[in-house]
Amino acid sequence: MATGRNVMRAVRVSEFGGPEVLKLLSDVLLPNPKENQVLIKVHACGVNPVETYIRSGTHARKPALPYTPGTDVAGVIEAVGAHVTVFKKGDRVFTNGTISGGYADYTVAAADTVFPLSDKLDFKQGAAIGIPYFTAYRALFQKGHAKPGETVLVHGASGGVGIATCQIARAYGLKVLGTAGTEEGMNLVLRNGAHKMFNHREADYVDKIKEFSAVQGVDVIIEMLANVNLATDLQLLSPGGRVMIVGSRGPIEIYPRDTMMKESSIIGVSLFCATKKSMHECETALLAGIEAGWLKPVVGPEYPLEKVAKAHELLINSSGALGKMVLLI
């Protein structure tokens, strides 16, 4: 916390634009938890691609200005609002949503978006759970209807959502294929659930996937960059196969007949559309995964709050992801 008991450091966005609009201020008023809310002393906050799109003004969701980004924090309960009985001051927690924003010394969150952080995980790992793991579970099972024994291909498997998807899919009995752009990334994913990896920078990597998946094809594809891969994805699917669109950075032209020949589906995935019931299902499955020991977030690049603009720039422009990017508060 900055000087004075009622102010703190927080990143504020006062206009939409590039990473330079992220301004770290030291005199932001400390938020107060209201009914069914908690105040969290933030130790780490995950950085998600969607936050860069919202900051740039290109996302459908445009928060009222000024605002503080960040949904996935891990830290310690500082205070609780009225009617909160499941948490107390001093509890270690993580979130999949905040009210006042996570790029800050303190944040307020609704109690039903806050979860106990196991002693098995540190704060950086706690900050890497939220959007990546909830998205991965939703894409695989709630929207993709994946079943044990099916084959899943995770495009861009070395990032936060990709590694989460591989860990979950492996734990639930799927055959897990992945792509990454570096040898280091491929090895990282192999250590985190993938049975087989392919380098998407190789010109013939699609042919290698086709050869490996043989006649049957791939049942579910988790797609992080649909504007590049969607047309090819349709060629890789099994009959009745599903492409789950988790990320896209632009338009793409596809041949609709490719979906007709195999009765395949293209399905968008967004946590913003998830009901409370759906989120509770995700929560239950993921907390069980932490307890069982297979849910182990891989933390990648780490930046102090002062370097938030650099973090946003590199998240989009880096040559290859290696785990989940987090801010250290």
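The legends below accompany several close-up views of a predicted model.

Because the model is predicted, local features need pLDDT of at least 70 and side-chain atom pairs count only at pLDDT 80 or more, while totals for chains, interfaces and linings use all residues. Residues are numbered from 1 along each chain as its sequence is written, and side-chain values use heavy atoms, with hydrogens and water left out.

**View A. The annotated region, residues 17-327.** The UniProt record, in an unreviewed entry, lists residues 17-327 as "domain: Enoyl reductase (ER)"; positions are given in the numbering used here, the feature name is shortened, and such annotations may be inferred rather than shown by experiment. Over residues 17-327 the chain is 32% helix and 26% strand, and the end C-alpha atoms lie 20 Å apart. Helices (H or I, at least four residues) and strands (E, at least two) are DSSP runs, numbered from the N terminus.

**View B. The largest nonpolar core and the surroundings of Leu 140.** A nonpolar core is a set of buried Ala, Val, Leu, Ile, Met, Phe, Trp, Tyr and Cys residues joined through side-chain atoms within 4.5 Å. The largest has 74 residues, and those with the most contacts inside it are Ile 40, Tyr 103, Leu 140, Val 152, Ile 168, Ile 222 and Leu 327. Helix 3 (residues 130-143) supplies the largest share of this core, 8 residues, and at least three residues come from each of domain 1 (7-128 + 299-328) and domain 2 (132-272), the bounds being those of an automatic or database domain assignment. Neighbours within four places in sequence aside, Leu 140 is in contact (heavy atoms within 4.5 Å) with His 145, Ala 146, Val 152, Thr 165, Ile 168, Ala 169 and Ile 222. A second, separate core of 15 residues includes Phe 198, Val 206, Val 218 and Leu 230.

**View C. Strand 1 and its pairing with strand 2.** Strand 1 (residues 7-13) is largely enclosed by the rest of the structure, because 5 of its 7 residues are buried; buried means under 20% relative accessible area, exposed over 50%, and partly exposed in between (1.4 Å probe, protein chains only). Strand 1 pairs with strand 2 in the antiparallel sense over 6 bridges, where pairing requires that DSSP finds at least two bridges between the strands. Val 11 has Leu 24 of strand 2 as its bridge partner.

**View D. His 312 in helix 10.** His 312 is found in helix 10 (residues 308-317) and counts as buried, at 1% relative accessibility. Not counting residues up to four places away in sequence, His 312 touches Pro 19, Leu 22, Val 47, Glu 51, Thr 52, Arg 55 and Tyr 103.

View E. A search of the whole structure finds 0 disulfides (pairs of cysteine sulfur atoms within 2.5 Å). The sulfur of Cys 45 is 19 Å from the closest cysteine sulfur, in Cys 282, and so is too far for a bond. The sulfur of Cys 282 is in turn 13 Å from the closest cysteine sulfur, in Cys 273, again too far for a bond. Cys 45 is buried, with a relative accessible area of 0%, and Cys 282 is buried, also with a value of 0%.

View F. Most residues other than glycine have a negative phi, and most peptide bonds are trans. The peptide bond from Leu 65 to Pro 66 is cis, with omega near -10°, and Pro 66 is found in the loop between helix 1 (49-56) and strand 4 (73-80). Asn 36, in the loop between strand 2 (22-29) and strand 3 (37-46), has a positive phi of about 65° and is partly exposed at 38% relative accessibility. His 145, in the loop between helix 3 and strand 8 (151-154), has a positive phi near 50° and is partly exposed, with a relative accessible area of 48%.
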